Amino acid sequence: MKQYTAELVEKATRQHQAEYALLELKYRSLQNQVSPHFICNILSTVSSLALMGKQEDVSRLAQRAGRYLRTNLLNAEEKRCLLAQELRTVEEYLALYREVYGDGFQFKAEAQEETLECAVPHMILQQLVENALVHGGGISGRKLRRITLRTALKGDRLLITVSDNGCGIGPEVIAEVDRASQEEVFDKKHIGFGLMSIVKRLRLLYGGNQSIRIESKPREGTVITIDIPCDFHLENEGAL
């Protein structure tokens, strides 16, 4: 009986380890997403500036891109980081975005001081802001795109809100995100893939102890709110 019990425990342990390894693989594939289109556009901008003989601009952009990409590579093994660090990553991303695509937007960060030491998923803020920039679909020529990022504590919960005045997110995408948040299988074929990756990363890190809410009105804008536990203890998280 002891031998049989030991074999069952060993089998369950192997299965448990395999499941964790799979979750780890899923998380890594979702976490380290720097848009290849964005990188290609950075390189194209550098090339164009070089052809125009603007060596100082080339140097500035290359250094900024290198710093941004190096930061992401150094943090690639970390699942979470301090919210203050995430805000710096967002500022680096937006500085690069302006260099490549122009200054057709306004960004404001309103982070409560007490939230800056909270641990948050690495690159989660950038994904939210990038989603507002790329997929918010601002109405060109009619109004300046405005994006606001807010963080606040509510008891032991951290609330992260990103709002924009773009053309809104269609109800089919919102429904798809809601449906995906209930599914166990991640499918890149889902529409709203940027939001899908956020949903899946939140689930892998916090299980059911998190939520994402999308409010959107056509041609008026979108508000995305993430609710996660506020954790001030950031430790080495090499494995799920």
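**Strand pairing, core and side-chain contacts in the predicted model**

Strands E6 and E7 form a hairpin with three residues between them, and Arg 219 in the turn has a positive phi of about 65°. The description that follows refers to a predicted model. E6 (residues 211-217) is joined to E7 by seven bridges, and the two strands run antiparallel. Within this pairing, Ser 216 stands opposite Thr 222 in E7. E7 (residues 221-229) also pairs with strand E5 (residues 157-164), again in the antiparallel sense. The E5 and E7 pairing extends over eight bridges, with Val 162 opposite Ile 224 in E7. E7 is mostly covered, seven of its nine residues being buried.

Two threonines illustrate the surroundings of these strands. Thr 222, found in strand E7, is buried, with a relative accessible area of 3%. The side chain of Thr 222 reaches the backbone nitrogen of Ile 169 at 3.5 Å. Apart from residues up to four places away in sequence, Thr 222 touches Val 162, Ser 163, Asp 164, Gly 168, Ile 169, Ile 214, Glu 215 and Ser 216. Thr 161 is found in strand E5 and counts as buried at 18% relative accessibility, because the cut-off for buried is under 20%. The side chain of Thr 161 makes a polar contact of 3.5 Å with the side chain of Thr 225. With the same exclusion of residues up to four places away, the contacts of Thr 161 comprise Thr 148, Leu 149, Arg 150, Val 223, Ile 224 and Thr 225. Thr 161 and Leu 149 are 12 residues apart in sequence, with a C-alpha to C-alpha separation of 5.7 Å.

The largest nonpolar core has 51 residues, and those with the most contacts inside it are Leu 94, Phe 107, Leu 125, Leu 133, Leu 158, Ile 198 and Ile 226. Helix H4 (residues 83-101) supplies the largest share of this core, nine residues. In soluble globular proteins, nonpolar side chains tend to be buried together. Phe 107 touches Val 90, Glu 91, Leu 94, Arg 98, Val 129, Ile 147 and Leu 149, residues up to four places away in sequence being left out.

Three aromatic pairs are found in a search of the whole structure. In one of them, the ring centres of Tyr 93 and Tyr 97 are 6.0 Å apart and the planes lie at 50°, so the pair is tilted. Tyr 93 and Tyr 97 are four residues apart in helix H4 and are therefore separated by about one helical turn. Tyr 93 is buried, with a relative accessible area of 1%, and Tyr 97 counts as buried at 12% relative accessibility. The rings of Tyr 97 and Tyr 101 have their centres 4.5 Å apart and their planes at 45°, so this pair is tilted as well. Tyr 97 and Tyr 101 both lie in helix H4, four residues or about one turn apart. Tyr 101 counts as partly exposed, at 40% relative accessibility. Tyr 93, Tyr 97, Tyr 101 and Phe 105 form one aromatic cluster.

The structure holds 10 salt bridges. Glu 99 forms a salt bridge with Arg 64, the closest N and O atoms being 3.1 Å apart. This pair links distant parts of the chain, with Glu 99 in helix H4 and Arg 64 in helix H3 (residues 55-74), 35 residues apart. Glu 99 is partly exposed, with a relative accessible area of 22%, and Arg 64 is partly exposed, also with 22%. A salt bridge between the side chains of Glu 92 and Arg 67 has an N to O distance of 3.2 Å. Glu 92 lies in helix H4 and Arg 67 in helix H3, so the pair ties together parts that are 25 residues apart in sequence. Both partners are partly exposed: Glu 92 at 23% relative accessibility and Arg 67 with a relative accessible area of 37%.

The side chains of Arg 150 and Glu 110 meet in a further salt bridge (2.8 Å, N to O). Arg 150 lies in strand E4 (residues 145-154) and Glu 110 in strand E2 (residues 105-111), so parts 40 residues apart in sequence are tied together by the pair. Arg 150 counts as partly exposed at 38% relative accessibility, and Glu 110 at 33%. Salt bridges that share partners join Asp 57, Arg 60, Arg 64 and Glu 99 into one network.

How values were computed
Residues are numbered from 1 along each chain as its sequence is written. This is a predicted model: local features need pLDDT of at least 70, side-chain atom pairs count only at pLDDT 80 or more; totals for chains, interfaces and linings use all residues. Side-chain values use heavy atoms; hydrogens and water are left out. A nonpolar core is a set of buried Ala, Val, Leu, Ile, Met, Phe, Trp, Tyr and Cys residues joined through side-chain atoms within 4.5 Å. Buried means under 20% relative accessible area, exposed over 50%, partly exposed in between (1.4 Å probe, protein chains only). Contact means heavy atoms within 4.5 Å. Two strands pair if DSSP finds at least two bridges between them. Rings of Phe, Tyr and Trp (its six-membered ring) pair if their centres lie within 6.5 Å; planes under 30 degrees apart count as stacked, over 60 as edge-to-face and the rest as tilted. A polar contact is a pair of N or O atoms within 3.5 Å; within protein, one must be able to donate a hydrogen and the other to accept it, and residues adjacent in sequence count only if both atoms are side-chain atoms. A salt bridge is a side-chain nitrogen of Lys or Arg within 4 Å of a carboxyl oxygen of Asp or Glu.
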